Amino acid sequence: SLLFRGGTSSMNAASDAPEVFRFGGQNLNRYRIAYLSYLLLYPVPWFIHHKPTPSQLLFSFCALLVFLPLYFSPYRKDKTYGLPEIIMTAFLGFATAWTHGDWLVYNIYATGMSARIRKRSHSIATIILLQCALLSFCYFANRSAIEATVGVILSLVTYVGTWMQWELGYRNQQLQEAQHEIRTLAATAERERIARDMHDLLGHSLTVISVKAELAERLFLGNPERAQREIADITQIARTSLHEVRQAVSGMNGTSLQQELTPTRKALEAAGIALTIQGEQDLLDKPQSSVLAMALREAITNVIRHSNARRCMISFECDPEGHALAIKVEDDGKSSAPVPISEGNGLQGMRARLAAAGGSLSLHQTHSGLTLKASIAS
C-alpha cells in the first residue's frame, strides 16, 4: 500500500506525452493507462488481513466502473478536471472503506486530479478541502491516526509532484505553440523576402529589356549593327536575370555595388539618360552592401520608368575604409507641381530591406527632380 502511494505522485505527469492512440472514441495517453496498474494494489490488504466477502468484491468492482470514466474525463474537452470528478473520486474512497481494501487509493487519485485544475487558487482550495474531508472521515470512522497522517502526507506529496509535472507539460505546450508561431512568422518573412527580390530583380531587368527592345526596333533599319548589339544585350540581360532569380529563391543573392554599376550604366544609356557617378573610385564592397545594391537597382528602375529625366547622378557615402554606408540617386525629372510620393511595392520592399539592415530610406521631391537616399548601419 505504501509503495503504491509513493509511486502515485506522478500519475498525472504524462498527460501531455506525445504518444496517444484511439480507444473508445477518446484520445487516451499510454502512460495514463499504465498508471491504472496501481489499482492492482487495492486488493493487497485482502490477501494480508481480510478476506473479502462477495458483497465487498461486488461493491469494489462497481466503484471501479464508476472511477474509470472520471479518470479519463479530461480527454473529453480541455484535459483538465472539474470539481464533480474530483469530489466523486474522493467519495468513492470513503464509500469503499468498509470493503477493507486500500481505499486511500481513490483519495490519492483525487489529489492528483485537483493538481490539474487550471486556476491555482481553486486547486489549492480543493486540496485543502480534500485533506479536511480525509481527516474528518478517519475521525468519525474510528480510523487510526497513523492511517490518517500517512494519507494526508502522501496526498500532499502527490499534489506537489503532480502539479510540478503538469506545469512542465503546460509550459512545454506553450513553448511548442510559440515555436510553431515563430516558424510561421519565419516562413512569412521568407515569402516577403522572395517577393521583394523578385520585384526588384524582374522589375529592373524587364524595364531594361523593354527599353533596349524599343531602341533596337528604332535602330533596326537605320543602324542594324547597333540594333544587333542591343538584341545581344537583351539576351545577356535575360540570362543574368534568370541566374539572379535562382540565387534569390535560394536565399544566396550576393549582388555587390560594383557589380550593379555596370548594368546601371547600360540601362540608363539605353534609356537616353546621362549618368554621373561620384565616389566610385574609392568604393569597396562589404557583405551588407548587397542591400544597397538592391536599393540602387530599384532606384534606377524608377528613374527609367517614371522620371522622364535626362540626367541622373549617383553618389556614395563611405566610411574611412571605403565601405559604402549610403547611396544617393538624384534625377532631373522636373515636375511643375510636386505631388506626394506614392510608395509602391518596390519602394516598400526597399524600405523593409534597409530597415532589416539597420538603415533607412528617404525621398525628397522638388521642382528640379527627385532625390533618393538609402543608408545602412555602419
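Here's a walk through this predicted model, starting with confidence and moving on to a helix pair and one serine.

The protein averages a pLDDT of 77, with 82% of its residues at 70 or more. Among its elements, strand S3 (residues 274-278) has the highest mean pLDDT, 91, while helix H1 (residues 2-7) has the lowest, 33. Over residues 1-28 pLDDT stays under 50, and the model has 71 contacts beyond four places in sequence for that stretch.

Now for the helix pair. Two packed helices are described by the angle between their axes and the distance between the axes. For H10 (residues 257-270) and H11 (residues 289-307), the angle is about 10 degrees and the axes sit 9 Å apart. Angles under 35 degrees count as roughly parallel, so that's the label H10 and H11 get. On the H10 side, the residues involved are Leu257, Glu260, Leu261, Thr264, Ala267 and Leu268; among their H11 partners are Leu292, Leu296, Arg297 and Ile300. By class, the contact of H10 with H11 has ten nonpolar, two polar and two charged residues.

Next, look at serine 114, which is found in helix H6 (residues 104-114). Is serine 114 buried or exposed? Its relative accessible area is 0%, so serine 114 is buried. Leaving out residues up to four places away in sequence, serine 114 touches Ile86, Ser123, Thr126, Ile127, Leu130 and Tyr159. A polar atom of its side chain lies 2.6 Å from the backbone oxygen of threonine 111. Tyrosine 81 is 33 residues away along the chain, yet its C-alpha is 7.0 Å from that of serine 114.

Technical notes: Residues numbered from 1 in each chain as written. Predicted model: local features only at pLDDT ≥ 70, side-chain atom pairs only at ≥ 80, totals over all residues. Heavy atoms only, no water. Axes fitted to C-alpha atoms, helices over the stretch in contact; angles between N-to-C directions. Helix = DSSP H or I, 4+ residues; strand = E, 2+ residues; numbered from the N terminus. Parallel < 35°, antiparallel > 145°, perpendicular 65-115°, else oblique. Contact = heavy atoms within 4.5 Å. Nonpolar A, V, L, I, M, F, W, Y, C, P; charged D, E, K, R; others polar. Buried < 20%, exposed > 50% of the residue type's maximum accessible area, 1.4 Å probe, protein only. Polar contact = N/O pair within 3.5 Å; in protein donor to acceptor, adjacent residues only side chain to side chain. pLDDT = per-residue confidence, 0-100.
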